[in-house]
Amino acid sequence: MYYLVAALYVMVCLMLVLVVLLQQGKGGDIASAFGGGSSQAAFGARSGATVLSRATTVAAVLFMLGALALGILGQRGPGSVIGGRAPLQRGGTSAPAAPAPTQKPTTPAPSGNAAPTEKPATPAPAAPTPAEPGKPPK
């Protein structure tokens, strides 16, 4: 329903712009602003209602009613922007953090020329990656 009213509203807007642009000016040049116009009326001579002026009135009324209808249809009741979100759950719902690896405490090296009692740990060699079929191993 909302999209139908919105599409009609856009067409009314385009019709209103077109009808206003098609109308002839009513002598609003600079000469009539300083009393150089031939008529004593403020906005030029009064003429009968033409088809374009009636179409302008109808389009303006439809424009206002359409804006009001879209405003009412677009409302979804009182609420917040984040009203539809699920509340955050506190507690043990998230995965526990991995424990930090424990390291064996090292004893300080004795002073002098004595050899250390423990060897420093060397990293394990990296496992070779499997070769892809059709390609020679690196």
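Which residues form a nonpolar patch on the surface?

1. The patch. M1, Y2, Y3, L4, L8, M11 and L73 make up this nonpolar surface patch, and together they have about 830 Å² of accessible area. The model is a predicted one, and the points below should be read with that in mind.

2. Where the patch comes from. Helix α1, residues 2-22, gives the most to the nonpolar patch, with 5 residues. Y3 is one of the patch residues and lies in helix α1. Its relative accessible area is 70%, so Y3 is exposed, the cut-off for that class being over 50%.

3. Overall layout. The protein chain has 3 helices and 0 strands. Read along the sequence, the pattern is α-α-α.

4. Burial and surface. The protein chain has 138 residues, of which 7% count as buried. The chain exposes about 13200 Å², and 65% of that area is supplied by carbon and sulfur atoms.

5. Contact range. Among contacts in the protein chain with a separation of 6 or more, 81% are between residues 24 or more positions apart.

6. Helix α3. This helix covers residues 51-74. With 24 residues, α3 reaches 34 Å from its first C-alpha to its last, which is close to the 34 Å expected at 1.5 Å a residue.

7. The buried side of α3. Which residues of α3 are buried? They are T56, A59, G66 and L70. The buried residues of α3 pack against α1. An α-helix has 3.6 residues a turn, so residues three or four places apart point the same way.

8. T56. Why does T56 count as buried? Its relative accessibility is 18%, and the class requires a value under 20%, so T56 falls within it. T56 is found in helix α3. Leaving aside neighbours within four places in sequence, T56 is in contact with L16, V19, V20 and Q23. For one of these, Q23, there is also a polar contact: the side chains of T56 and Q23 are joined at 2.4 Å. A colleague going through the model atom by atom may wish to look at this pair.

9. The two residues side by side.

Terms used:
Residues are numbered from 1 along each chain as its sequence is written. This is a predicted model: local features need pLDDT of at least 70, side-chain atom pairs count only at pLDDT 80 or more; totals for chains, interfaces and linings use all residues. Side-chain values use heavy atoms; hydrogens and water are left out. Helices (H or I, at least four residues) and strands (E, at least two) are DSSP runs, numbered from the N terminus. Buried means under 20% relative accessible area, exposed over 50%, partly exposed in between (1.4 Å probe, protein chains only). A polar contact is a pair of N or O atoms within 3.5 Å; within protein, one must be able to donate a hydrogen and the other to accept it, and residues adjacent in sequence count only if both atoms are side-chain atoms. Contact means heavy atoms within 4.5 Å. Accessible areas come from the Shrake-Rupley method with a 1.4 Å probe; for residues, only the protein chains shown count as cover. Patches are made of residues with over 30% relative accessible area and no salt bridge: like charges are joined within 9 Å, nonpolar side chains (Val, Leu, Ile, Met, Phe, Trp, Tyr) within 5 Å. A salt bridge is a side-chain nitrogen of Lys or Arg within 4 Å of a carboxyl oxygen of Asp or Glu. The expected span of a helix is 1.5 Å times one less than its number of residues.
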